[in-house]
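Have the sequence and the 3D view open as you read.

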Amino acid sequence: MTYEPPIEDRMRKEDQAVGLRNIGNTCYFNSLLQIYYSLPSFVEKIFKFEIKEGLKGKDETETKKIESGMNLIK
């Protein structure tokens, strides 16, 4: 099963902004996200991603990176 939103959901509405807001030197990241969002397999994996609580890294810094990545996907 693949995720492909109906065309009506992908069409820009007149009062709706387009793209992502640039919050300071993030335009490169925003453009990558928009490209990835056009790939149905990527979107499907993001929507099916399950957050796993309590994952630990080899040290506190690595554990914080894992938690940060989970929050980004969430």
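What follows covers confidence, fold, surface and one residue.

## Model and confidence

This is a predicted model, where local features need pLDDT of at least 70, side-chain atom pairs count only at pLDDT 80 or more, and totals for chains, interfaces and linings use all residues. Residues are numbered from 1 along each chain as its sequence is written, and side-chain values use heavy atoms, with hydrogens and water left out.

pLDDT is the predictor's confidence in each residue, from 0 to 100. Its mean over the protein chain is 80, with 86% of the residues at 70 or more.

## Fold and surface

You get 4 helices and 0 strands here, in the order α-α-α-α from the N terminus. These are DSSP runs numbered from the N terminus: helices are H or I with at least four residues, strands E with at least two.

Contact means heavy atoms within 4.5 Å. Of the contacts between residues at least 6 apart in sequence, 35% join residues at least 24 apart. The protein chain exposes about 6,900 Å², and carbon and sulfur atoms supply 57% of that (Shrake-Rupley method, 1.4 Å probe). Of its 74 residues, 9% count as buried, meaning under 20% relative accessible area (1.4 Å probe, protein chains only).

## A look at Thr63

Thr63 sits in helix 4 (residues 60–73). Its relative accessible area is 11%, so Thr63 counts as buried. Leaving aside neighbours within four places in sequence, Thr63 is in contact with Leu55, Lys56 and Gly57.

Terms used: Buried < 20%, exposed > 50% of the residue type's maximum accessible area, 1.4 Å probe, protein only.
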